[in-house]
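Hi everyone, and thanks for coming along. Please take a moment to look at the model on the screen, and then I'll walk you through a few parts of it.

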Amino acid sequence: MFRRAMTTFSPSLTYLLAIWKHLASSGCSRPSTDPEVFLAAASLVPQVEWPLDLDVSDMLHQLYDIYTSCVGFHGQIMPSLEEKASACLMAMSHLYCGHVLKAHPTSGKFLGCRERDYDTFCQMIQRNIKDVDQTVLIVTRNLCLPQDDDHSFPWDLYDSPNSVMEWLSHSLPYHFVVGRVNENVQRLAIDVISQLLSSPSSPSNQIIANCALLACVMVGVQFDKKDIVRIDKRCHRLIWCSCYG
């Protein structure tokens with residue numbers, strides 16, 4: 001399922017992959033199978049660093065299959081499975097960002113569907129999903145093929161939970177690195193940085209580091225791809241030197 005020796009993974013990633021392998025072997029695309037275990041595993045996906053040399057194609061396809069299992073006969077998410085669908089969307093979006101970055105400057109279809117990834121994301125956005133999930137999908141959809149120059153972007157971020165805002169601060173640099181930037185992306189990046197750093201509660205060092213790297217790539221500072229996928233950016237000296245040196 002995962003094409004790399006598991007002994008080389010970090011402990012947290014090794015643990016997560018072991019859980020995911022169990023879910024895959026038990027057929028977790030069925031809505032009733034290990035729902036608590038799946039939700040715990042899916043929620044960990046954006047919190048773990050996924051090496052670029054790890055092929056997660058199968059996992060990406062599996063997440064999409066699990067998501068579609070949450071869709072009822074009328075083409076909408078079944079109310080009892082909204083939490084599961086939401087966890088799938090966030091995990092899938094996170095892995096999709098890394099897949100696009102890994103393939104850059106080439107591009108392709110990464111979701112494993114018949115239609116283009118852009119069209120698949122559009123279908124998902126049109127369903128009865130939460131506003132925060134729609135925000136995540138719209139931002140991820142921007143990473144699709146360059147000819148899909150979509151200008152629809154979420155601006156009302158004020159009701160977004162901190163977890164989504166922090167994920168945006170981590171994922172937006174991908175757009176600048178792969179050249180999927182227009183005025184809307186730049187405006188969204190500025191809004192994310194402004195909202196995170198002006199929070200009534202003092203932002204964590206992790207959020208400050210995320211915002212620092214995002215600000216750096218916005219002004220053209222070059223980073224290695226491995227630095228972009230890094231979850232914990234607090235120890236990256238180049239970020240602090242570039243922004244505050």
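Predicted model: local features only at pLDDT ≥ 70, side-chain atom pairs only at ≥ 80, totals over all residues.

Let's start where two helices meet. From H3, the residues Ser-57, Met-59, Leu-60, Leu-63, Tyr-64, Ile-66 and Tyr-67 touch a set in H4, namely Lys-84, Ala-85, Cys-88, Leu-89, Ala-91, Met-92, Leu-95, Tyr-96 and His-99. Sorted by class, this contact between H3 and H4 has 13 nonpolar, 2 polar and 1 charged residues.

For helix H3, residues 57-68, and H4, the axes come within 9 Å and cross at roughly 155°. Angles over 145 degrees count as roughly antiparallel, so H3 and H4 are roughly antiparallel to each other. The crossing of H3 past H4 is left-handed.

Is His-99 buried or exposed? Its relative accessibility is 10%, and buried means under 20%, so His-99 counts as buried. Leaving aside residues up to four places away in sequence, His-99 touches Asp-55, Val-56, Ser-57, Leu-60 and Phe-110.

Next, a second pair. Helix H5 (residues 117-125) packs with helix H6 (residues 131-141) at an angle of about 165°, and their axes are 10 Å apart. That angle makes H5 roughly antiparallel to H6, and the crossing of H5 and H6 is left-handed. Which residues meet here? On the H5 side they are Tyr-118, Phe-121, Cys-122, Met-124 and Ile-125, and on the H6 side Gln-134, Leu-137, Ile-138, Thr-140 and Arg-141. By class, the contact of H5 with H6 has 7 nonpolar, 2 polar and 1 charged residues.

H6 comes up again with helix H8. H8 runs over residues 183-197 and reaches 21 Å from its first C-alpha to its last, close to the 21 Å expected. Its buried residues include Val-185, Leu-188, Val-192 and Leu-196. The buried residues of H8 pack against H6, helix H7 (162-177) and helix H9 (205-218).

Finally, let's zoom out. The protein chain has 11 helices and 0 strands, and buried residues make up 50% of its 245 residues. Among contacts between residues at least 6 apart in sequence, 67% join residues at least 24 apart.

Key. Residues numbered from 1 in each chain as written. Heavy atoms only, no water. Buried < 20%, exposed > 50% of the residue type's maximum accessible area, 1.4 Å probe, protein only. Contact = heavy atoms within 4.5 Å. Axes fitted to C-alpha atoms, helices over the stretch in contact; angles between N-to-C directions. Helix = DSSP H or I, 4+ residues; strand = E, 2+ residues; numbered from the N terminus. Parallel < 35°, antiparallel > 145°, perpendicular 65-115°, else oblique. Left-handed = near helix turned anticlockwise from the far one by under 90°. Nonpolar A, V, L, I, M, F, W, Y, C, P; charged D, E, K, R; others polar. Expected span 1.5 Å × (residues − 1).
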